[in-house]
Amino acid sequence: MNKQFLDARRLLCPMPVIRVQDKIKTMIPGGQLEVVCTDPGVMQDIPAWCRINGHQILSASSDVGEFTINIIVGD
Amino acid sequence: MTKQRKAVSLISGGLDSMLATKAVMEQGVHVEGINFFTGFCVEGHTHAIRKKDKAKPKRNNSLWVAEQLGIKLHIVDVIEEYKNVLINPKHGYGANLNPCLDCKVFMVQKAQQWIQENDFDFIITGEVIGQRPMSQRKDTMPVIARESGANERLLRPLCAKNLPETLPEKEGWVNREELYDFSGRTRKPQMALAEKYGFTDYAQPAGGCCFLTDKSYSNKLVDLWTARGKKEYELDDVMLLKVGRHLRPQPHFKMIIAREEGENNFLQGYKNIFRTMTTVSHPGPLVLIDGVLSEEDSLLAAKITARYSQGREAEQVEVKMMQQGEEKQFLVKPLLSTEIPKEWHV
């Protein structure tokens, strides 16, 4: 699977959401995006944005102040 | 077959845009939301920074509203373009540095571009005549429609019956009779409509959702421009004005003093950009210093840093100054509170 990475560390919401949105625009359905952030707000905001825009959250985890979210791009 | 009409709705995250969107969706129009991020939005950044806010449930209200309505939301970064709106507002500022009328013109203009690029038919806003002193008056609402270029494609469902017919009404894309005639600052009609739609949870921002309506924030921005001798800013400036205690002991330097742990952590991210001060002998805040300091200024800054540490009553406090990897130590007596004039507080 075509997996892409996005570094959204040090950005505060909603900037990580905007970066994810802009990145996903360049990807094809079924592609996977892994985004790493430092603002804990992303754990709410990125899944919410994905739900309303038809993308799927594969996993969301946190480790030492970093939050990693894997997204499958929807149609 | 009738063409499916499509509208984009400016979603702020508040109740009015939520209701306006719902009113049009109820008429069978396909609606998507759009939200513009200027950098001055109250939610988001500030909640992420301050530790005391971390206990509150965090949510982005525009995303939440979109999810409640079951619509897509497009969040657009307009930070760069917004600078010209704030720095050169054609219609001037409100009570503080809020260029509300120019801001609304700008956002509707951006929405107009968006509908053209995405083949949508019209724009929805949650504006209500008489609700805001600058941008939502009977005489300024036509200005927004005209100067944005949206003209008749701008529909305000909550007060449409108080305004001339727009294209969506004339063309029968929406039924004017099913729109509303709200006016003034009362919130009762909105609350009744929210109840009708079954909305029980919605954001009620006090004083708006923009930092530029805040007097204290506006004062800090004016101070920044005055010190730089020009009206310019970057996103980092916008964010730093939201954080910490700001003191300007001299016209040529300012101190940003963390007030709590969350702010301390946030300011850590700027250690490599600014000169910093911290207390070594006692627990204390991280302090960023913006400007150029003489030896005498550094000593004064160290005394102020010590004042805001837990060593404020001590005879001597050790303060460390760092700049680009270079370290300098000071042994100082903290200033007394009476030695910090009110005028230093920005």
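1. Along its sequence, chain A runs β-α-β-α-β-β, a total of 2 helices and 4 strands. Helices are DSSP runs of H or I with at least four residues and strands are runs of E with at least two, numbered from the N terminus. The model is predicted: local features need pLDDT of at least 70 and side-chain atom pairs count only at pLDDT 80 or more, while totals for chains, interfaces and linings use all residues. Residues are numbered from 1 along each chain as its sequence is written, and chains are lettered from A and ligands numbered from 1 in the order in which they are written.

2. Chain A is as compact as a globular protein of its length, because its radius of gyration of 11 Å is close to the 11 Å that the globule rule gives for 75 residues. The radius is taken over C-alpha atoms, and the rule is 2.2 Å times the number of residues to the power 0.38. Along the principal axes, the C-alpha atoms of chain A fill a box of roughly 30 × 20 × 15 Å.

3. Chain B is divided into domain 1 (6-211) and domain 2 (243-344), with bounds from an automatic or database domain assignment. The centres of these domains of chain B, taken over C-alpha atoms, are 42 Å apart.

4. The contact between the chains takes 16 residues from chain A and 18 residues from chain B; residues are in contact if their C-beta atoms, placed from the backbone, lie within 7 Å. On the side of chain B that touches chain A, α2 (45-49), α3 (61-69) and β3 (73-77) of chain B each give two or more residues. Of the contributors to that side, α3(B) gives the most, with 4 residues.

How values were computed:
Contact = placed C-beta atoms within 7 Å.
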